[in-house]
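Thank you all for coming; I would like to take you through one model this morning. Please have the sequence and the structure open while I talk.

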Amino acid sequence: MSRYERVLPYDQVDGEYTPQSPAKIPLLPPSRRRSSASGSIFAAERNPPPKTFIPFYIRTWVVLSVALAMILLAAGVEIALFRSQMNQGWRIHGLQLLGGINFLKSVVPVVLTVPISIFWNSVDRDIGRFQPYVSLSKGRATADRSLLLDYTQGRTDTILRSLRYGHWAVLLSSFVCMANLALSPLAAGLLTTHNAVIVTPNVQIQAVKTLGLDPDYVTLEYFNAAAGYSMAAAINNLTDPPFLFKGSWAIQEFEVPSPIGSGVNQTIVVPTTAIESTAGCEPADTVSFNSAVAIGSNMTITGTWDGCTVTFGANHTGNDGYGVLPLNNCATHTEPAPFLPVLFWMYSAELDKVEMTFCQPKIDLWNVVAEASLVTGQITNVTLIDQNIPANNISGPPLNGVPFNGVEFDVGGANLYVKARALSVQTGVAGAVYRGADPYGGAAVVMQTDNGYLNITETVYTRFLALVAKSTYFNDVGTTIEGKMDSYDVRLAVYSYAAHAFAAALTFIAVMATVNHFVHTRERGETKLACAPTTIAGIVSTASYSNYGRIQCDVEWRLGIQEG
């Protein structure tokens, strides 16, 4: 007896037969007599299947959005590079003070590359999971290429299998993931720091002095102040005061702006006027004196230089002695006393030795470009331009380019204070030269060498003359000067080679991933999944809409008829 039985005519078997059509009565398996309301697996034959499930990461709008974002990011990197080159980077002194530069350079690669890498790895995972069902939907797929296929065994295995089976979407997806590995090292080299010079042109600078003889020089206050600073500098090793450069250049004074920001080395560059002072010191041709005189007695000191003979007396106190004198009564030098050459003499009681140095001061007027630090207010550099100085009373009458010697003055009709200052200046300048030997061990050590005081005298006296020039040869008349401001700053910049390579890699990955997406979209066109792949629900839904169950029942039924 067959497992199957013939069905009598009735009009409620699956709703398709009537008593008036007995010729159409088929032989049906018992399972097919149940109503569709009982939940038959063949219900899908009359109900449309649910919408095909597409994982989020391989949906077209998602892939295209990410690919477009990568291309925009590549364009943004190129724009940032352009701005960086145009502006020499960006100021980072605030971050630098906080120690955040290295943190910023480390975070950028992570922020730019990790989300991209996560996304394309997710796309690669979903393409690999979809592939067995794609193979099943095409038919004639062996088990190892469909049900038993697993693309989660590692990148090398995935590449080899996809190449062997011709699963090109999986292969291209693997290449996209591998290309993403290059993004991180490229992004790590995007940011760098460098020393930049930012120039701000057309800066209006207010000069507070103008070249010209200050009428207050007759009070000798400027000379007294210069002598006092020279003595203090020799004793305390002081540096040059503002608007004095290298101990010999007096620069026209101007207002130095305040720094525009902390942590930035800024310099104001100003075309201005400068006076170079030269002491012109030379050793005496001959020196003689009556040594070994009793303490309290006068020594007679004689020196010759440039055809002149100078003889003067000095009290022997038992200690070292020093002084400065103008070169009076010399046939080869007939200038007025304030402009005569001068001689500095030093006596070492320990060595019982006298040394004499003759100096003939000189000044040169220059148009220069001076650079001053906004942080310290000091002149940092002077560039000579030319000596085309407009007419003035320094290079012209009354000085005619000849400077004051600074140690001899015409104070015959001056008051007591001016005369006291004249004496103080002479003592101060000579004392500054004498104390200039302190860093070298003192006068006795320096004078063991012939003309040991020559360089010391040249240095100290030149600084004194420059200090005099700064105060005396510029008067208090203000003018406006147009300069520029240079900012020397450590700035954050985009490294060009890394930026170009990173942008190219982003564009290449975006294009390749987009092409692969459409390749995969076409391959999975006939694949219908009601839920995520690799799940039992996905397998059941695939089977339920494959007609596999109906075909199997029909085959078994026909086999049963034949057996009966």
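What you see is a predicted model, in which local features need pLDDT of at least 70 and side-chain atom pairs count only at pLDDT 80 or more, while totals for chains, interfaces and linings use all residues. Residues are numbered from 1 along each chain as its sequence is written, and side-chain values use heavy atoms, with hydrogens and water left out.

The secondary structure comes to 13 helices and 19 strands, where helices (H or I, at least four residues) and strands (E, at least two) are DSSP runs numbered from the N terminus. Of the 564 residues in the protein, 44% are buried, meaning under 20% relative accessible area, whereas exposed means over 50% and partly exposed lies in between, with a 1.4 Å probe and protein chains only.

Now to the helix pair. Helix H4, residues 155-165, packs with helix H5, residues 168-180, at an angle of about 150 degrees and with the axes 8 Å apart; the axes are lines fitted to C-alpha atoms, for helices over the stretch in contact, and angles run from 0 to 180 degrees between N-to-C directions. On the H4 side, Arg155, Thr158, Ile159, Ser162 and Leu163 meet residues of H5 that include Trp168, Leu171 and Phe175, contact being heavy atoms within 4.5 Å.

Which residues of H4 are buried? They are Thr158, Ile159, Ser162 and Tyr165, and because they cover an arc of only 150 degrees around the axis, they sit on the same side of H4; that arc is taken from the directions from the helix axis to the C-beta atoms. H5 is part of what covers these buried residues, while the face turned away from them carries the exposed Thr156, Leu160 and Arg164. Just after H4, Gly166 takes a positive phi of about 75 degrees.

Finally, the cores. The largest nonpolar core has 51 residues, and Phe344, Tyr453, Tyr461, Phe464 and Tyr473 are those with the most contacts inside it; such a core is a set of buried Ala, Val, Leu, Ile, Met, Phe, Trp, Tyr and Cys residues joined through side-chain atoms within 4.5 Å. Its largest share, 10 residues, comes from H10. Apart from this core lies another, of 45 residues, and Tyr165 is among them, together with Ala67, Val77 and Ile92. Tyr165, as I said, is one of the buried residues of H4.
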